[in-house]
Amino acid sequence: MENDHTQNWFERAKPFIAVVFLQCGFAGVDVLFKAAMNQGMSNYVLIVYRHAIAFVAIAPFALILDKKVRPKMTMSIFVKIIALSLLEPVMDQNLYFLGMKYTTATFAAAMTNIIPSITFFMAYILRIEKVNIRSIRSQAKVVGTLVTVSGAMVMTFMKGPILGAFGAHLGNNHTQQNSGANINHTIKGTIMIIIGCFCWSCFVIIQSITLDSYPAELSLTAWICLLGAAEGAAVAMIMERGNPSVWFVKLDLKLVAIIYSGIVGSGLAYYLQGVVMRTKGPVFVTAFSPLCMVIVAIMSTFILAEQLLLGRVIGAIVIVLGLYLVVWGKSKDYSPPSPISKEPMLPDKQIADDANAKKEHCTDEVRITTQD
């Protein structure tokens with residue numbers, strides 16, 4: 001009995017463990033990417049190598065483990081996969097890391113806290129999410145969404161005094177000073193990050209829809225990484241034309257960033273969020289973004305020596321408050337399943353009733369024979 005209770009608790013905890021792991025992984029990607037770009041790495045090339053590594057790591061598992069569950073590829077499914085590979089590996093990541101170049105890793109991670117709200121709005125428009133304005137939980141979703149967007153605006157335009165900067169800087173100081181001081185760069189970077197967040201929300205919702213018709217998470221991940229690497233390579237060759245040296249990577253921090261982000265930030269991330277959203281939905285998957293912001297803020301302050309500004313701290317707090325209003329309202333939508341379901345017992349009950357009926361019939365026949 002105790003073992004069953006422990007197993008049930010672990011089953012309920014698995015989605016939460018998975019999304020916490022995702023946010024820890026994303027935090028590491030943000031810090032490593034920022035450090036690599038500070039050392040001159042092209043974000044376009046980095047993204048291509050990242051998804052190439054992810055495909056190489058995931059494809060063998062997809063071929064073996066998804067063999068029995070992988071459905072036949074159709075044109076409709078393939079079009080959705082192409083859309084997925086464009087939205088996240090190409091558009092979202094390039095815009096997000098370009099925005100990070102103009103700002104800081106902490107700022108970029110904090111801005112991603114608007115993703116749950118964007119996802120909620122899109123899910124409502126597509127009628128995946130229902131809103132009853134008279135319900136307190138629906139009101140929490142709407143108010144939380146508005147508060148989250150307001151927090152993003154505070155982070156963008158409110159600077160305030162420097163709270164502190166610690167640690168050793170991994171990169172060149174010129175880039176850091178420009179990204180921290182120039183308001184024009186901040187606005188430009190903010191716009192890029194917001195568009196990237198919108199692309200990520202689209203990606204999560206389309207991934208959820210695609211998994212309904214293509215329920216093979218590993219295979220879907222492999223396809224996204226393969227097409228994302230190919231499409232990203234086309235973008236990189238255009239953006240980095242006449243600069244072939246950016247394609248060469250040495251055994252240094254840049255290579256670490258490529259391998260880590262490919263395996264953890266793309267391969268495992270796409271797979272885990274696909275598994276979780278099949279049971280919890282796309283809004284749940286995006287609801288833990290503040291954890292990434294906290295981890296990035298701690299790591300970048302010590303590793304990247306980024307300046308911590310009061311305005312960004314206040315904006316981040318507002319974002320978190322708005323986010324958890326959305327999460328609270330969303331959590332009320334999930335009713336816990338009944339521990340004992342009567343439907344699965346119906347076939348067994350029917351068999352037992354048939355057996356009893358046959359037994360009674362045989363007994364009646366014996367009685368009639370005896371009387372004769």
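Student: Before we start, what should I know about the numbering and the model?

Tutor: Residues are numbered from 1 along each chain as its sequence is written. This is a predicted model, where local features need pLDDT of at least 70, side-chain atom pairs count only at pLDDT 80 or more, totals for chains, interfaces and linings use all residues, and side-chain values use heavy atoms, with hydrogens and water left out.

Student: What is the mean pLDDT of the protein?

Tutor: The mean is 79, and 79% of the residues reach 70 or more. pLDDT is the predictor's confidence in each residue, from 0 to 100.

Student: Where does pLDDT stay under 50?

Tutor: One such stretch is residues 171-181, for which the model has 18 contacts beyond four places in sequence; a contact means heavy atoms within 4.5 Å. Another is residues 364-372, with zero contacts of that kind. Where pLDDT is low, the predicted coordinates should not be read in detail.

Student: How many helices and strands are there?

Tutor: The protein has 14 helices and two strands. Both are DSSP runs, numbered from the N terminus: helices are H or I with at least four residues, strands are E with at least two.

Student: Why is Ile 319 called buried?

Tutor: Buried means under 20% relative accessible area, exposed means over 50%, and partly exposed is in between (1.4 Å probe, protein chains only). Ile 319 has 0% relative accessibility, so it counts as buried. You'll find Ile 319 in helix α13, residues 310-331.

Student: What does Ile 319 touch?

Tutor: Leaving out residues up to four places away in sequence, Ile 319 touches Ala 110, Asn 113, Thr 148, Gly 151, Ala 152 and Met 155. Ser 150 is 169 residues from Ile 319 in sequence, yet their C-alpha atoms are 7.5 Å apart in space.

Student: What share of the protein's contacts join residues at least 24 apart?

Tutor: Among contacts between residues at least 6 apart in sequence, 90% do.

Student: What makes a group of residues a nonpolar core?

Tutor: The members are buried Ala, Val, Leu, Ile, Met, Phe, Trp, Tyr and Cys residues, joined through side-chain atoms within 4.5 Å. The largest one here has 69 residues, and Phe 97 and Phe 203 touch the most other members. Helix α1 (residues 2-38) gives this core its largest share, eleven residues. A second, separate core has six residues, including Leu 98 and Met 192.

Student: How do you know that helix α5 is largely enclosed?

Tutor: Count its buried residues: eight of the eleven residues in α5 (residues 115-125) are buried, so the rest of the structure largely encloses this helix. Among them are Ile 115, Phe 120 and Met 122. Just after α5, Arg 127 takes a positive phi of about 65 degrees.

Student: Why is Cys 199 not counted in a disulfide?

Tutor: A disulfide is a pair of cysteine sulfur atoms within 2.5 Å. For Cys 199, the nearest cysteine sulfur is that of Cys 202, 6.3 Å away, and Cys 199 is in no disulfide. A search of the whole structure finds zero disulfides.

Student: Is Cys 199 buried or exposed?

Tutor: Its relative accessible area is 3%, so Cys 199 is buried. Cys 225 has 0%, so Cys 225 is buried too.

Student: How do you know that Glu 217 and Arg 278 meet in a salt bridge?

Tutor: The rule asks for a side-chain nitrogen of Lys or Arg within 4 Å of a carboxyl oxygen of Asp or Glu. For Glu 217 and Arg 278, the N to O distance is 3.1 Å, and their side chains meet in a salt bridge. Glu 217 lies in helix α9 (residues 217-239) and Arg 278 in helix α10 (residues 253-280), so the pair ties together parts 61 residues apart in sequence. A search of the whole structure finds one salt bridge.

Student: What makes Arg 278 partly exposed?

Tutor: Arg 278 has 45% relative accessibility, so it counts as partly exposed.

Student: Why is Gln 207 called buried?

Tutor: Gln 207 has a relative accessible area of 1%, so it is buried. Gln 207 sits in helix α8 (residues 183-213), and its contacts include Leu 84, Leu 220 and Tyr 270. The C-alpha atoms of Gln 207 and Glu 217 are separated by 9.6 Å.
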